Amino acid sequence: MANLINIKKGLDIPLQGKASSEITADTLTDLFAITPDDFPGYTWKTAVKAGDAVECGSPLLYAKECEDIVLSSPVSGIVEEIHRGERRKIEFISVKKQGEQTQVKIDKNIPVLSALRRSGLFAMLRQRPYDILPDKDATPRDIFVTAFDTAPLAPAVIADSDARYLESGLKALSSLTTGKVYLSVKAGSGITSQVAEVYEFNGPHPAGNVGTQIAAIKPVNKGETVWTLDAATACRIGKLIETGEIDYTATVALTGPCVKNPHLVETTIGAKLSTLLNNQISTESGKTRIISGNVLTGWRADLNEGFLRYPYRQITVIEEGDNADEFMGWASLSPKKYSVSRTFPAFLRGLSKPFNFDARIKGGHRAMIMSGEYDKVFPMDIYPEYLIKAILAKNIEKMEERGIYEVAPEDFALPEFVDTSKLELQKIVREGLDYLRKETM
């Protein structure tokens, strides 16, 4: 029987636009892209040039520090563009799908780690500390796999059709660690494993965050390394081990109050957003914000130039809110205004009912207030306000004492949401982790 853990601190944000169970197939998208920024920890070099023909699984980029670690093409076709930004930084490599789809086969008899590196699936793993791709020389103490997501409007992490490969993926992962593989599932899901140690979680967001799960099961201490991934990636690993084929499919939820018909779409990793959202954005909403991901941790994207970003599960569309005209402005007592602290009378109608949030932060940056408001939505055994202050001061000793090795930016998404000081907490944590890594490695 699985172990049950109840998460009491947290917050489920009641955003309108939850995807229905309807699933449609994406047959129109012909342009796909891989974005190096989604895979931190290595310096990426191009393995192709514009106009090259590639197969599914052909390397598009490789890591300067270890050429066996690659980012591979999700489709076969022609490399359309290597898009560069300032200082010639590679922003994305796009591939135009053409002809019959062919795929690079990975030898099933080679070691698991080599297969993951050559297939590009190694890049879908993450390491703590630092929340980066795993170090090429590190052996993880344990590996944590999460099979559910509690972020606003998040869909199921794995589809029923993929679940058959989960056990094979967990078995392959168990060969990469001297410790255990932990599988975190939603309470009542019925997911079991003969290989991994299963923990059921019950409670509000961030119960689905792997950082919350690690903290509840076996926290990371200084000098230790653990790897993390979602169950969808574990299923891809299982399919790779069983068949030698790399699975680039993704079931994506189109969500948010500005989507006409929120539903699921079966597509491919890195699909172009304009095709996925074709005729789906409500014209009555005015100016909208497209987010590849959820509203707390996703990437802001341009509709015409944006692509589906890692972890390839969700697209959210909300109102920008820059043309809002409210009676009495911030002092309005409208029941349509949501407030965690019950500042507005919306709690009388029930805060669990869906709200139409927009992208406004409704306030300006100000001095950090030590009010304890982060603690109410932060379930880890860490004092988040004191950790943030240590990061801002670049005090490595204090950062270590206050739990920097346990956290990732996504763990501070809810504190950022409720923060009356309007601080960019996820950005602060990301910069703190990068600074710590630079100074101590």
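Q: Which residues lie nearest the centre of the largest cavity?
A: In this predicted model, the lining of the largest cavity comprises 14 residues. Those nearest its centre are Ile34, Ser72, Gly120, Met124 and Tyr248.

Q: Which residues of helix H3 are buried?
A: Helix H3 spans residues 210-217 and is mostly covered, with six of its eight residues buried. The buried set consists of Val210, Gly211, Thr212, Gln213, Ile214 and Ile217.

Q: Which strands are included in what covers the buried residues of H3?
A: The buried residues of H3 include Ile214 and Ile217. The elements that cover the buried residues include strands E1 (3-6), E10 (126-128), E11 (142-146), E12 (181-186), E13 (197-202) and E14 (226-230).

Q: Is Ala154 buried or exposed?
A: Ala154 is placed in the loop between E11 and helix H2 (166-174). The cut-off for burial is under 20% relative accessible area. Because Ala154 has a relative accessibility of 11%, the residue counts as buried.

Q: Which residues does Ala154 touch, leaving aside those up to four places away in sequence?
A: Ala154 sits in the loop between E11 and helix H2. When residues up to four places away in sequence are not counted, its contacts are Lys18, Asp149 and Gln314.

Q: What distance separates the C-alpha atoms of Ala154 and Arg313?
A: Ala154 and Arg313 are 159 residues apart along the chain.

Q: Is Tyr338 buried or exposed?
A: Tyr338 belongs to the loop between E19 and H6. Its relative accessible area is 15%, and burial requires a value under 20%. Tyr338 is therefore buried.

Q: What distance separates the C-alpha atoms of Tyr338 and Phe355?
A: Along the chain, Tyr338 and Phe355 are 17 residues apart. Their C-alpha atoms are separated by 7.1 Å.

Q: Is Tyr383 buried or exposed?
A: Tyr383 is located in the loop between strand E19 (314-319) and helix H6 (384-392). A residue counts as exposed at over 50% relative accessible area. Because the value for Tyr383 is 60%, this residue is exposed.

Q: What accessible area do Met370, Tyr383 and Tyr386 have together?
A: Met370, Tyr383 and Tyr386 form a nonpolar patch on the surface. Together, their accessible area is about 350 Å².

Technical notes: Residues numbered from 1 in each chain as written. Predicted model: local features only at pLDDT ≥ 70, side-chain atom pairs only at ≥ 80, totals over all residues. Heavy atoms only, no water. Buried < 20%, exposed > 50% of the residue type's maximum accessible area, 1.4 Å probe, protein only. Helix = DSSP H or I, 4+ residues; strand = E, 2+ residues; numbered from the N terminus. Contact = heavy atoms within 4.5 Å. Patch = residues over 30% accessible without salt bridge, like charges linked within 9 Å, V, L, I, M, F, W, Y side chains within 5 Å. Areas by Shrake-Rupley, 256 points an atom, 1.4 Å probe, with all protein chains shown as cover. Salt bridge = Lys/Arg side-chain N within 4 Å of Asp/Glu carboxyl O. 1 Å grid on protein atoms, 1.4 Å probe; cavity = no way out; pocket = protein on both sides within 12 Å on 5 of 7 lines; lining within 4 Å.
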